[in-house]
Amino acid sequence: SDVREIPSHQEVFLSRTTLSSQITEINQRVTDSDTASLDTLIGSSYLQAHQLDADAKAALYHVHDICDEDDKLEIVTPPTRVSLGKFSAGIVGYRGVVRVTSPKGRSAARAGSGSGSGSVSGIGIGGAVAGSSSEGGLTSTVTLWYLVVRLVEQETDLVVFVNVPREEFEKAGDLRGLEAEEKLAEGLISGLVDGLEVVDWDLFC
């Protein structure tokens, strides 16, 4: 990367025309004991109302893990189980959408800053470098589309985030541009549901 050093467990792709980004991570598999904290972080009433299973809770854990303490996390679309086109039937995947609102003056969150995954220093959810002229005042609200693939035998979770900062479009009054960018993000996740595959399983040895 010409922006910041990217940890070996991550790939980060930045849009050439907007602050949107796609981040793919190979993370340690989240356990039931890890997700026990969601009762406090998200609220037991929400979890009970949506009857989330252990894998869905793990997906939310990964999302919450990239947030800072004073970020506000809004679940737009709860984690939904999907059929993965390139994986065996025993491997489950979940997709969903969240919105993260942060105090201005810093990035909304840092992908990979949570447990066991290292950090991408200075790269916010929006993908621009913290404090760079390209981002100006740091993004206040970012919408994230995500896909989590649970690899039991490898004790690994594959996580993909597609991040769309709203502020650059809202400041320009370009709501059509925002809508198009959000459709693109949704389409990227849909494409990964069908086409994401592991070519070299030795990566997990």
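Helices here are DSSP runs of at least four residues, numbered from the N terminus. By that rule, Asp55 belongs to helix H3, which covers residues 54-65. The model is a predicted one.

- Six strands form an open sheet in the order S1-S2-S6-S5-S4-S3, and their pairing is antiparallel.
- Its edges are strand S1 (10-14) and S3, each of which pairs on one side only.
- On average, neighbouring strands of this sheet are turned by 15 degrees against each other, direction ignored.
- Eight bridges link S3 with strand S4 (residues 92-101) in the antiparallel sense.
- Tyr94 in S4 has Arg81 standing opposite.

**Helix H3 and Asp55**
- H3 lies across strand S2 (21-28), S3, S4, strand S5 (141-151) and strand S6 (156-165).
- Relative to S5, H3 runs at about 135 degrees.
- Asp55 counts as buried because its relative accessibility is 18%, and buried means under 20%.
- Leaving aside residues up to four places away in sequence, Asp55 touches Arg29, Val92, Tyr94 and Arg150.

**Asp71 in the loop**
- Asp71 sits in the loop between H3 and strand S3 (72-82).
- With 12% relative accessibility, Asp71 also counts as buried.
- The side chains of Asp71 and Ser102 are joined by a polar contact of 2.5 Å.
- A polar atom of the Asp71 side chain also lies 2.7 Å from the backbone nitrogen of Asp68.
- Asp71 and Thr141 are 70 residues apart in sequence, while their C-alpha atoms are 9.6 Å apart in space.

Terms used:
Residues numbered from 1 in each chain as written. Predicted model: local features only at pLDDT ≥ 70, side-chain atom pairs only at ≥ 80, totals over all residues. Heavy atoms only, no water. Helix = DSSP H or I, 4+ residues; strand = E, 2+ residues; numbered from the N terminus. Buried < 20%, exposed > 50% of the residue type's maximum accessible area, 1.4 Å probe, protein only. Contact = heavy atoms within 4.5 Å. Polar contact = N/O pair within 3.5 Å; in protein donor to acceptor, adjacent residues only side chain to side chain. Pairing = 2+ DSSP bridges. Axes fitted to C-alpha atoms, helices over the stretch in contact; angles between N-to-C directions.
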